[in-house]
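Here are my notebook entries from an afternoon of looking things up. Please have the picture open while you read along.

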Amino acid sequence: MTQLQSSFKLSWKQITVSLLVVIYVVINLFQIGGDVFVINLNSFIVLPLALGVTLMALSLWRQIAVGSQNRVLWSGLTIGWALWTIAEFWWAITTLIGKEIPYPSWADFFWLLGYIAMYVALWARIRSLPKMNNPAQKIAIWTTSLILLGLTIVFIFIPILQNSDSTATHEKIWNILYPL
């Protein structure tokens, strides 16, 4: 029992992060502070998180050896998260100055570029993995992929395309590009 207890000791960082997560969830569940406070909290909490993820990815990227297959992965992820961080800051600044945020906005442009960088990085990494010879794995991956594709078509693409309001064509294109 003492061995289990000694391996399960929490550091002050883990306790602090856990406490902050619980506080955040409670604020959202019970709307503590009112609607405006909760909306602003959810809008602006993303900024330090996005910046932190970008800095951690940059740190990991710098530690990966040049020529490593993981270098390409972490390069793309770092670029993608950096672009997402720019988008989040753009969105927050526009919100703070009280301007109506157009759609699509520059934030959407940076988010989309971030998706592209991450997609390229993940695709390059997948292509570098060894080929699967196990039929059960292939069936599981194809089945999961087809189910997700079907759900995406039914619940995302068809409603976007059927939306008959005055949505401009360029807005529909952005709406379709996001889930891709």
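**Entry 1: Asn-40**

I began with Asn-40, which is partly exposed at a relative accessible area of 33%. For this scale, buried means under 20% relative accessible area, exposed means over 50%, and partly exposed is in between, with a 1.4 Å probe and protein chains only. I found Asn-40 in helix 3, residues 34-44. Helices here are DSSP runs (H or I, at least four residues), numbered from the N terminus. I also looked up a pair: the C-alpha atoms of Asn-40 and Leu-96 are separated by 9.7 Å, and the two residues are 56 apart along the chain.

**Entry 2: ground rules**

I noted that this is a predicted model, where local features need pLDDT of at least 70, side-chain atom pairs count only at pLDDT 80 or more, and totals for chains, interfaces and linings use all residues. Residues are numbered from 1 along each chain as its sequence is written, and side-chain values use heavy atoms, with hydrogens and water left out.

**Entry 3: the largest pocket**

How much space lies in the largest pocket? I wrote down about 480 Å³. A pocket is an open set of points on a 1 Å grid over the protein atoms alone, where a 1.4 Å probe fits, with protein on both sides within 12 Å along at least five of seven lines; lining residues have an atom within 4 Å of a point. The volume is the space filled by probe spheres set on the points, and grid points are joined across faces, edges and corners.

Next I looked up the lining of the largest pocket, which includes Trp-123, Arg-127, Pro-130, Met-132 and Trp-142. The elements that give two or more residues to this lining are helix 6 (106-128) and helix 7 (135-162). Helix 7 gives the most, with four residues. By class, I noted seven nonpolar, one polar and three charged residues in the lining. In this scheme Ala, Val, Leu, Ile, Met, Phe, Trp, Tyr, Cys and Pro count as nonpolar, Asp, Glu, Lys and Arg as charged, and the others, Gly among them, as polar.

Is Lys-131 buried or exposed? It counts as exposed, at 64% relative accessibility. From Lys-131 to Ile-64 I noted 24 Å, C-alpha to C-alpha, for residues 67 apart in sequence.

**Entry 4: the largest nonpolar core**

Which residues make up the largest nonpolar core? There are five: Leu-83, Ala-87, Ala-107, Phe-110 and Trp-111. Such a core is a set of buried Ala, Val, Leu, Ile, Met, Phe, Trp, Tyr and Cys residues joined through side-chain atoms within 4.5 Å. Helix 5 (69-96) and helix 6 are the elements that give it two or more residues. Helix 6 gives the most to this core, with three residues.

I then picked Ala-87. Leaving aside neighbours within four places in sequence, Ala-87 is in contact (heavy atoms within 4.5 Å) with Ala-107, Phe-110 and Trp-111.

**Entry 5: Ser-105**

I found Ser-105 in the loop between helix 5 and helix 6. Ser-105 is buried, with a relative accessible area of 10%. Its side chain reaches the backbone nitrogen of Ala-107 at 3.2 Å.

**Entry 6: Gln-31**

What is phi of Gln-31 near? I noted 50°, a positive value in a residue other than glycine. Most residues other than glycine have a negative phi. Gln-31 is in the loop between helix 2 (12-30) and helix 3, and Gln-31 is partly exposed at 36% relative accessible area.

**Entry 7: Leu-146**

My last stop was Leu-146 in helix 7. Leu-146 counts as exposed, at 53% relative accessibility. Leu-146 and Ile-93 are 53 residues apart in sequence and 40 Å apart in space, C-alpha to C-alpha.

How values were computed: Polar contact = N/O pair within 3.5 Å; in protein donor to acceptor, adjacent residues only side chain to side chain.
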